[in-house]
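Work through the exercises below with the coordinates open. Each task is followed by a stepwise solution.

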Amino acid sequence: MLMNLFSSFDPSSNWNLSLNWMSSLMCLILIPSMFWLIPSRLNMLWMKITNTLHKEFKTLLGPTSKGSTLIFVSLFSFILMNNFLGLFPYIFTSTSHMTLTLGLALPLWLTFMVFGWINHTIHMFAHLVPQGTPPILMPFMVCIETISNVIRPGTLAIRLSANMIAGHLLMTLLGNTGQSLSIMMINLLIVVQLLLLLLESAVAIIQSYVFAVLSTLYSSEVN
């Protein structure tokens with residue numbers, strides 16, 4: 001039972017090779033291309049989404065920032081498409097694995113920290129002690145702020161993978177009960193599964209947005 005339950009999260013395929021990770025590259029197929037003189041509705045929708053994200057991320061980075069929002073919009077697009085691909089049957093959900101989520105979060109966080117401490121050392125030290133902190137609490141605040149900074153990539157990775165795993169497990173558990181139910185209960189189960197699928201679609205969008213927004217906020221702190 002447990003083997004069947006977690007088999008959808010197993011990256012291994014035939015011949016004990018982890019070929020299921022190649023599903024992460026399938027998102028490249030979904031990017032709408034400019035084949036026609038007049039863009040398609042999908043292309044126009046995608047351009048609208050990316051332009052809205054660009055404006056929002058630019059606001060979060062601040063008016064004095066010289067950084068580009070391209071990496072954060074690309075990050076949102078990559079996570080979103082992989083989250084949606086995982087909702088289809090027999091497609092491996094790569095964002096449910098810490099290998100991928102931590103692989104996205106850790107390099108970004110390390111880059112921000114190295115850039116901030118090398119170029120804005122005083123500014124980074126000032127972040128460790130919030131304004132208005134009593135002198136007697138300053139050593140404790142430095143420890144608390146340091147710990148909260150260190151666990152950032154872990155919280156980013158765990159939040160994304162845990163949300164993806166939770167929804168998929170719930171849908172799998174409900175789906176496995178269908179064999180022992182009556183016709184009336186199966187109809188109810190189908191309705192519940194459709195509602196869960198709708199909820200999972202919303203979670204896929206929200207979690208990719210949260211990951212990208214938090215990465216942008218962490219970047220804005222070191223500028």
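**Exercise 1. Leave aside the neighbours of Leu60 within four places in sequence, and find which residues Leu60 is in contact with.**

Step 1. Apply the contact criterion: heavy atoms within 4.5 Å. Leu60 then touches Val213, Thr216, Leu217 and Ser220.

Step 2. Take one of these, Leu217. Leu60 and Leu217 are 157 residues apart in sequence, yet 6.4 Å apart in space, C-alpha to C-alpha.

Step 3. Helices here are DSSP runs of H or I with at least four residues, strands are E runs of at least two, and numbering starts at the N terminus.

Step 4. Classify Leu60. Its relative accessibility is 27%, so Leu60 counts as partly exposed. Buried means under 20% relative accessible area, exposed over 50%, and partly exposed in between, with a 1.4 Å probe and protein chains only.

This is a predicted model: local features need pLDDT of at least 70, side-chain atom pairs count only at pLDDT 80 or more, and totals for chains, interfaces and linings use all residues. Residues are numbered from 1 along each chain as its sequence is written, and side-chain values use heavy atoms, without hydrogens and water.

**Exercise 2. Describe how α5 packs against α8.**

Step 1. Get the geometry. The axes of α5 (residues 98–119) and α8 (residues 152–176) come within 8 Å and cross at roughly 150 degrees. Axes are lines fitted to C-alpha atoms over the stretch in contact, and angles run from 0 to 180 degrees between N-to-C directions.

Step 2. Name the orientation. The angle makes α5 roughly antiparallel to α8. Angles over 145 degrees count as roughly antiparallel, under 35 as roughly parallel, 65 to 115 as roughly perpendicular, and the rest as oblique.

Step 3. List contributors. On α5 they include Met98, Leu102 and Trp109; on α8, Arg152, Ile158 and Leu160 are among them.

Step 4. Sort by class. The contact of α5 with α8 has 10 nonpolar, three polar and one charged residue. Ala, Val, Leu, Ile, Met, Phe, Trp, Tyr, Cys and Pro count as nonpolar, Asp, Glu, Lys and Arg as charged, and the others, Gly among them, as polar.

**Exercise 3. Do likewise for α5 and α9.**

Step 1. The axes of α5 and α9 (residues 183–220) lie 10 Å apart, at an angle of about 15 degrees. That makes α5 roughly parallel to α9.

Step 2. α5 contributes Thr101, Leu104, Ala105, Leu108 and Phe112, while α9 contributes Phe211, Ser215, Tyr218 and Ser219.

Step 3. The contact of α5 with α9 holds six nonpolar, three polar and no charged residues.
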